[in-house]
Amino acid sequence: AQFLLDSLVEAIEMFLRQSSEIAQENPEMSNDLMQCIGEIRQTGNSMVEMAREFVNDPISGQKRAVMIQSSHDLLNSIGRLLSLADILDLNALVRSIQLVQQDLTMLKNANNQDELTHHFKNYGRNLIELANLAGKRQAFLNDAKLRDELASARATLKNNTLKL
């Protein structure tokens with residue numbers, strides 16, 4: 001039981017560290033992320049405390065119920081943070097799409113070979129970033145239809161880039 005408690009504490013601490021890094025990397029949502037992190041810290045500490053009490057008296061139905069409720073609270077606060085992280089990922093994907101669109105406009109409006117070469121290099125670099133972000137997003141999608149649609153969009157983008 002002590003090993004499980006230690007593992008729980010370690011998992012919560014690792015999750016909080018990684019979440020704090022994400023908050024530092026994304027100042028536009030830092031306040032919301034830090035609020036969720038504080039909530040996770042609070043509900044995590046409560047969960048650990050309730051789990052310790054339950055371990056000391058595993059027969060108690062009341063302590064079991066309190067521990068289960070505290071675990072639900074912890075999972076809910078983690079879910080809120082994951083929702084914010086999902087918004088960050090989508091924002092990054094949208095920004096990447098906008099960069100590629102701008103690059104295509106710049107390619108279309110190039111006045112000479114040097115501009116065309118320069119804009120095409122930017123387009124290639126931004127397209128690789130877009131493909132990477134879309135690939136990561138695709139890997140985390142649970143809906144098979146959405147995963148297939150994103151795979152199809154990535155394939156279309158790749159094929160049209162080869163033609164370009």
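This is a predicted model: local features need pLDDT of at least 70, side-chain atom pairs count only at pLDDT 80 or more; totals for chains, interfaces and linings use all residues.
Close-up 1. When residues up to four places away in sequence are not counted, Leu-107 touches Leu-116, His-119, Phe-120, Tyr-123 and Leu-164.

Close-up 2. Because Phe-120 and Tyr-123 are three residues apart in helix α4, which spans residues 113-140, about one helical turn separates them. Is Tyr-123 buried or exposed? Tyr-123 counts as buried, since its relative accessibility is 3%, whereas Phe-120 is partly exposed, with a relative accessible area of 36%.

**Close-up 3. Helices α1 and α2 side by side.** Helix α1, made of residues 2-25, and helix α2, made of residues 30-56, have axes that come within 10 Å and cross at roughly 175°. The two helices are therefore roughly antiparallel to each other, as an angle over 145 degrees is counted in this way. On the α1 side the contact is made by Leu-5, Leu-8, Val-9, Ile-12, Phe-15, Leu-16, Ser-19, Ser-20, Ile-22 and Ala-23. On the α2 side the residues that take part include Leu-33, Met-34, Ile-37, Ile-40, Arg-41, Gly-44, Met-47 and Val-48. Sorted by class, the contact of α1 with α2 has 16 nonpolar, four polar and two charged residues.

**Close-up 4. Ile-22 of helix α1.** Ile-22 is found in helix α1 and is one of the residues through which α1 makes its contact with α2. At 34% relative accessibility, Ile-22 counts as partly exposed. Leaving out residues up to four places away in sequence, Ile-22 touches Leu-33 and Leu-88. Met-34 can be located in the same way, for the C-alpha atoms of Ile-22 and Met-34 are separated by 9.7 Å and the two residues are twelve apart along the chain.

**Close-up 5. The largest nonpolar core, and a second one.** Which residues touch the most other members of the largest nonpolar core? Among its 20 residues, these are Leu-33, Ile-40, Met-67, Leu-74 and Leu-81. Leu-74 is in contact with Ile-12, Ile-40, Thr-43, Gly-44 and Met-47, once its neighbours within four places in sequence are left aside. A second, separate core has nine residues and includes Val-100, Leu-127, Leu-130 and Leu-141.

Close-up 6. Gln-138 has its place in helix α4 and is buried, with a relative accessible area of 16%. Not counting residues up to four places away in sequence, Gln-138 touches Arg-147, Leu-150, Ala-151 and Arg-154. Lys-121 also has its place in helix α4, but at 56% relative accessibility Lys-121 counts as exposed. The C-alpha atoms of Lys-121 and Met-34 are separated by 38 Å, and the two residues are 87 apart along the chain.

**Close-up 7. Asn-91 within helix α3.** Asn-91 lies in helix α3, and with a relative accessibility of 32% Asn-91 counts as partly exposed. From C-alpha to C-alpha, Asn-91 and Ile-68 are 35 Å apart in space, with 23 residues as their separation in sequence.

Conventions
Residues are numbered from 1 along each chain as its sequence is written. Side-chain values use heavy atoms; hydrogens and water are left out. Axes are lines fitted to C-alpha atoms, for helices over the stretch in contact, and angles run from 0 to 180 degrees between N-to-C directions. Helices (H or I, at least four residues) and strands (E, at least two) are DSSP runs, numbered from the N terminus. Angles under 35 degrees count as roughly parallel, over 145 as roughly antiparallel, 65 to 115 as roughly perpendicular and the rest as oblique. Contact means heavy atoms within 4.5 Å. Ala, Val, Leu, Ile, Met, Phe, Trp, Tyr, Cys and Pro count as nonpolar, Asp, Glu, Lys and Arg as charged, and the others, Gly among them, as polar. Buried means under 20% relative accessible area, exposed over 50%, partly exposed in between (1.4 Å probe, protein chains only). A nonpolar core is a set of buried Ala, Val, Leu, Ile, Met, Phe, Trp, Tyr and Cys residues joined through side-chain atoms within 4.5 Å.
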